[in-house]
Amino acid sequence: MCQLLAMNCNVPTDICFSFAGFQARGGATDVHTDGWGIAFFEGRGTRMFLDPQPSCVSPVAELVRSYPIHSKNVIAHIRKATQGSVALENTHPFLRELWGRYWIFAHNGNLPDFSPELDGSFTPVGDTDSERAFCWILQSLRQRFGDRRPERGSLFDALHPLTIDLGRSGAFNYLLSNGDCLFAHCSTQLSYIIRQAPFTIAHLRDQDLTVDFSDVTTPSDRVAVIATVPLTDNEQWTTMPNGSLWLFEDGAPVEHRLTVAGPEKVPA
């Protein structure tokens, strides 16, 4: 299974600290060695870095780790291949345009029986189930809303049944953003933390690295970090229930809904 990382903030923020721990999981502290990628939204544009090499030895990853790009929405992925060869075209995250905005998507899981009918509006470049799912999601959203970009609440309502359908095909943890907000679905494993005042000291699990966030933030800053496995060992992360869809905006979860029937309760 792959590793996911995302950041959603109320002000542009760099992800260097979190990425330092995340990078180590690509072959140093974990077995995910089939490529990695990260995407930053900057205004209406995106800055993407992709490399089919393991992130722990990737010169591009070292560049990102030391490059304080400030963004309100970031999505990163470390790959352990299940479908598709180890190649640049199969490296997450994936990017497409819809309604005049870039959309970024990354997936952790496996959809072995997912072969959707695509109408050509969004076509996979590689041969992964993940990219097929992304194309199908955007195709379905365009079919529902046409050429008019919906509000975030309507997007969340539309993604909910689509996520349920995809979840029937296999494990489907994913991150999705158009730069305005961030959607996250926990199928099997995903956690998040909200960092806001009063800020404290954090220590990474995968690197002996500590930061005092009170030294690098303002009292009004708020940052949500989402990861497959918590990145720090001295902070309280919230485990998302399996089968839950989340909407993050301005550094906080603003809506969540179960995508599977069951007794689980979604944290408030």
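Are phenylalanine 114 and tryptophan 136 buried or exposed? Both are buried, a word that here means under 20% relative accessible area, with exposed over 50% and partly exposed in between (1.4 Å probe, protein chains only). Keep them in mind for the second stop.

Before you click, note that this is a predicted model, in which local features need pLDDT of at least 70, side-chain atom pairs count only at pLDDT 80 or more, and totals for chains, interfaces and linings use all residues. Residues are numbered from 1 along each chain as its sequence is written, and side-chain values use heavy atoms, with hydrogens and water left out.

**Stop one: aromatic rings**

Rings of Phe, Tyr and Trp (its six-membered ring) pair if their centres lie within 6.5 Å; planes under 30 degrees apart count as stacked, over 60 as edge-to-face and the rest as tilted. By this rule there are 13 aromatic pairs. Select phenylalanine 105 and phenylalanine 134: their ring centres are 5.0 Å apart and their planes are at 5 degrees, so this pair is stacked. Phenylalanine 105 belongs to strand E6 (residues 101-110) and phenylalanine 134 to helix H3 (residues 129-145), so the pair ties together parts 29 residues apart in sequence. Helices (H or I, at least four residues) and strands (E, at least two) are DSSP runs, numbered from the N terminus. Phenylalanine 105 counts as buried, at 0% relative accessibility, and phenylalanine 134 is buried with a relative accessible area of 0%.

**Stop two: the opening pair**

Now select phenylalanine 114 and tryptophan 136. With ring centres 5.7 Å apart and planes at 85 degrees, the pair of phenylalanine 114 and tryptophan 136 is edge-to-face. Phenylalanine 114 sits in the loop between E6 and H3, while tryptophan 136 is in helix H3, 22 residues apart.

**Stop three: a histidine**

Move to histidine 160 in helix H4 (residues 152-167). Histidine 160 is buried, with a relative accessible area of 13%. Leaving aside neighbours within four places in sequence, histidine 160 is in contact (heavy atoms within 4.5 Å) with Leu245, Arg257, Leu258 and Thr259.
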